[in-house]
Amino acid sequence: MDAVVVGSGPNGLAAALVLASAGLSVQVHEAAGTIGGGTRTEELTLPGFRHDVCSAVHPMALASPFFRAFDLAAHGVRLLQPEIPYAHPLDGGRAALAWRDLDRTAEGLGPDGAAWRSLLGPLVRRWSGVVDTAMSDLRRMPRDPLAALLLGIRTLEQGTPAAAARFRTEEAAALLAGVAAHAIAPPRRLAPAGAGLLLATLGHAVGWPVPEGGSRAITDAMVNRLRQLGGRVVTGDRIDDLAHLPPARTVLLDVSPAGLLRIAGDRLPAGYVRSLRAFRYGGAACKVDFALSGPVPWADPDCARAGTLHLVGSATEARIAETAVVRGRHPQRPYVLAVQPGVVDPTRAPAGKQVLWTYAHVPNGSPRDVSDQIVAQVERFAPGFRDLILATHVVPAAQASMHNPNYVGGDISGGAVTGWQLVMRPAARWDPYRTPLPGVYLCSASTPPGPAVHGMSGLHAAGRALRQHFGIRTAPLDLIRGGH
């Protein structure tokens, strides 16, 4: 065997595809009985209701360099675009709306329209360069220096108290704060501000699509292509020691730093072990899926056209809630991320019915079921929601690692999203993917560029393995493109 990959999440599969596209023999080992890691879809509540187990909305499926090269559409995946990528309901039946069209969004923000346009317009015009910068290994000069500069300047503004000077209205401030809070960190910090700007840019540039049939469609496309290239996937095979793997010239691990310590800790040098043990895991998510008898009755009817909604109230409320989480407290009104795929995908539920995907941010390791708080936040902006609930499925943060060991304590980001840990994850090394063990690489979201379904950690790690162990210097993206 040339290469073995542990973990069938999007990064593990991306790594496997790069290696197989180079003509190597590849085998993927997955601990769970089903493939996909964070990109799985299952009937969690009632028959006929298809819920995404973790990731649900996929702007990076259209934007990341890996997926642009792989071309999901060419492999049968339909990415469906909600008319409104994301919305931010506010009290009083109001909502701030992020339309695909930047100008339409600006018009809806009234006095802050020009400020929204000036903040995001230059990034939207150079979105490809912005993405290439954010999705790089963060160790090379950006291909589009101007895009990198624009993103950096705006991140410095939005990640500091200077952000207060940008917007005058509650709507615009909340709309951006809701996106930044995806990082499970207070919005006015550099790393979440940068993540929020990237996501907001993609909302206007490529949209926030949902895959028809669920996120598993992405996994199925990648695995089908891997098998066409001769690769194999073994499920139900939990690897607790490198010795349990078949002999291979290189091993790529789509695991957390905690997983690496479990699998290879006794083989690693003491200094590297200390770095892995010092790695910080961030805030977590309590996931709640709902089967509903009908669409969510949003007070602002335009919210029924949005794929994703940020339910937390004002920007100030978002900061208070996220600050509580990073300090280990449960906010009374948590930040709730909600996705209603049925606005564009009728395959998710029986006719006339709907699914609602939600999670609330909670402290790492929280055993608490916060479904009541989630229901209250939805009901706050959609009176009558409670009456539609047919069934729920709850995964507290403390149980998240049972279906995905990479979610340590319920941290779905692969580690705390801070400026340092986005660049120096999992340790302060020039090559963050190569471990001190010969031929062993880390390729999970705990390496740059960090969380999201983009495949880039796998691509970067596999590219290094090809150069360092097989003498193959073809660019990994060229290998993926060559498969068409």
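**Entry 1: Ala452**

I started at Ala452, which counts as partly exposed because its relative accessibility is 44%. My cut-offs are under 20% relative accessible area for buried, over 50% for exposed and partly exposed in between, with a 1.4 Å probe and protein chains only. I'm working on a predicted model, where local features need pLDDT of at least 70, side-chain atom pairs count only at pLDDT 80 or more, and totals for chains, interfaces and linings use all residues. I number residues from 1 along each chain as its sequence is written, and my side-chain values use heavy atoms, with hydrogens and water left out.

I placed Ala452 in the loop between strand 16 and helix 16. Helices here are DSSP runs of H or I with at least four residues, strands are runs of E with at least two, and both are numbered from the N terminus.

**Entry 2: another positive phi**

Ile184 also has a positive phi, about 55°, and is not a glycine either. I found Ile184 in the loop between helix 8 (170-180) and helix 9. Buried or exposed, I wondered about Ile184? Ile184 is buried, because its relative accessible area is 4%.

**Entry 3: cis peptide bonds**

Back in the loop between strand 16 and helix 16 (456-470), I looked up Pro449. The bond leading from Pro448 into Pro449 is cis, with omega near 5°. I noted a cis bond from Arg425 to Pro426 as well, again with omega near 5°. Pro426 sits in the loop between helix 15 (419-423) and strand 16 (440-442).

**Entry 4: Met135 and what it touches**

Pro449 turned up again when I listed the contacts of Met135. Contact means heavy atoms within 4.5 Å. Setting aside residues up to four places away in sequence, Met135 touches Met60, Pro65, Leu198, Pro449, His454, Met456 and His460. Met135 itself lies in the loop between helix 6 (127-134) and helix 7 (145-158). I call Met135 buried because its relative accessible area is 5%. I also checked Met135 against Met60: they are 75 residues apart along the chain, and their C-alpha atoms are separated by 9.8 Å.

**Entry 5: helix 6**

Next I went through helix 6, which is mostly covered, with 6 of its 8 residues buried. Which residues are the buried ones in helix 6? They are Gly129, Val130, Val131, Asp132, Thr133 and Ala134. The elements covering them include helix 2 (60-63), helix 3 (65-70), helix 5 (113-125), helix 7 and helix 9 (190-205).

I looked up Ser371 in helix 14, which covers residues 371-381. Ser371 counts as buried because its relative accessibility is 13%. Beyond neighbours within four places in sequence, Ser371 is in contact with Val288 and Val394.

Gly259 is in helix 11, residues 257-264. With a relative accessible area of 9%, Gly259 is buried too. I set Gly259 against Pro89: they are 170 residues apart in sequence, and C-alpha to C-alpha they are 39 Å apart in space.

**Entry 6: the chain as a whole**

Then I zoomed out. I count 17 helices and 16 strands in the chain. The C-alpha trace spans about 60 × 50 × 45 Å along its principal axes. The radius of gyration, taken over C-alpha atoms, is compared with a globule rule of 2.2 Å times the number of residues to the power 0.38. For 484 residues a compact globule would come out near 23 Å, and the chain has 21 Å, so the two agree.

Buried residues make up 62% of the 484. Of the contacts between residues at least 6 apart in sequence, 76% join residues at least 24 apart. The chain exposes about 17300 Å², and carbon and sulfur atoms supply 52% of that; the areas come from the Shrake-Rupley method with a 1.4 Å probe, and for residues only the protein chains shown count as cover.

For charges I found 47 positive and 38 negative side chains, with the centres of the two sets 7 Å apart. Lys and Arg are the positives, Asp and Glu the negatives, and His and the chain ends are not counted. I took each charge at NZ of Lys, CZ of Arg, CG of Asp or CD of Glu.

**Entry 7: the record**

In UniProt, an unreviewed entry lists "domain: Amine oxidase" at residues 12-464. Those positions are in the numbering used here, feature names are shortened, and annotations may be inferred rather than shown by experiment. In the model, residues 12-464 are 34% helix and 15% strand, and the end C-alpha atoms of the span lie 14 Å apart.
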